[in-house]
Amino acid sequence: MHRPSPAIHIAIVLSCLSGGMAHAADATILKPSTPWKVDYAEEECRLLRTFGTGEDAVTMRLARGSGLQSFDMVIAGNKVPRHGGAMKVTMKLEPQGTEGKFDGYSMAVPKRPENFIRWFDGDPRILDAVTNNQQVRLSDNKKFDGAMLWSDGKSALKALQTCHDDLLKGWGVDVGAIRAAKAPPEPLGSPGRWATNNDYPLEEMSREIEGTVTFQLKVSAEGTVQKCLILHSSNVATFDQLTCKLMMQRAKFKPALDASDRPITSFYVNRVRWQIPR
């Protein structure tokens, strides 16, 4: 599977109930058992923390990578249930009641006792409401319903933001110019359809070659793509070249707006994961 994934890419960990499925009123709120850690990786910034102890422990990873319009999430632990495929996850901030719903998947960790649940391309606006004493609940209404206490959550997300800005600047992205827009460019349709399994190069597929391409698009005031720039190469020339070719052909946008709500030229950052469908 391969698809563009927006510029903010975060992974989190949740507090899961030891009994699997439970009612929200009965859910145990897992408290932090380790400090927050910001990991400056090559292609993304990761915010990590473990909640709970022993068999109940859940590890959280919150990662931001190429873009500004999304985040990814991951939770892992011995008592995180395995769904065996696609699932829907609800993330809710309490007591505010702010929530987001995401398409994710569940798998086991190879050669380890943990299971994990992961989802991509979450709308990052839910994170704006996080406080320094935040309760975060994750559920799927079937197999799990758990909560964790994000002490110093707002400060941790600010540190992650600093890391992410540094990452993008290192790739040559003008973060200030992007944030100066009152409204960023908005993809028309799903970015996941800009590159599909049918586009996978045959030679690379036959040789089982995979890679991730991070790119920047210059979007005109009319919403058309004027230029594609590779910010972080997959180290496979075919993937890099094909990614920009497809973005130039297929990507369309509702243009960004300035403070007076006038359409302006802007930039959009994303990535395509070229992964062989399995």
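User: What makes both faces of β10 count as covered?

Analyst: On one side, Asp145, Ala147, Leu149 and Ser151 are buried; on the other, Gly146, Met148 and Trp150 are buried too. Buried means under 20% relative accessible area, exposed over 50%, and partly exposed in between (1.4 Å probe, protein chains only). In a regular strand, side chains alternate between the two faces of the sheet. This is a predicted model: local features need pLDDT of at least 70, side-chain atom pairs count only at pLDDT 80 or more, and totals for chains, interfaces and linings use all residues. Residues are numbered from 1 along each chain as its sequence is written, and side-chain values use heavy atoms, with hydrogens and water left out.

User: Which strands pair with β10, and in what sense?

Analyst: β1 (residues 29-30) pairs in the parallel sense over 2 bridges. β9 (residues 133-139) pairs in the antiparallel sense over 7 bridges. Pairing requires at least two DSSP bridges between the strands, so both cases qualify. Leucine 30 has methionine 148 as its bridge partner in β10. Serine 139 stands opposite aspartate 145.

User: Why does lysine 101 count as exposed?

Analyst: Its relative accessibility is 61%, so lysine 101 counts as exposed. The residue sits in strand β7 (residues 99-108).

User: What does lysine 101 touch, leaving out residues up to four places away in sequence?

Analyst: Val89 and Thr90. Contact means heavy atoms within 4.5 Å.

User: What makes the pair of lysine 101 and threonine 90 a polar contact?

Analyst: Their side chains come to 3.2 Å. A polar contact is a pair of N or O atoms within 3.5 Å; within protein, one must be able to donate a hydrogen and the other to accept it, and residues adjacent in sequence count only if both atoms are side-chain atoms. The side chain of lysine 101 also makes a polar contact with that of glutamate 99, at 3.4 Å.

User: Which order do the strands of the open sheet take, and why do β13 and β17 stand at the edges?

Analyst: The 3 strands run β13-β12-β17, with antiparallel pairing. β13 (225-232) and β17 (266-274) each have a single partner strand, so one side of each lacks a neighbour in the sheet. β12 (residues 211-219) and β17 are joined by 9 bridges.

Note on methods: Helix = DSSP H or I, 4+ residues; strand = E, 2+ residues; numbered from the N terminus.
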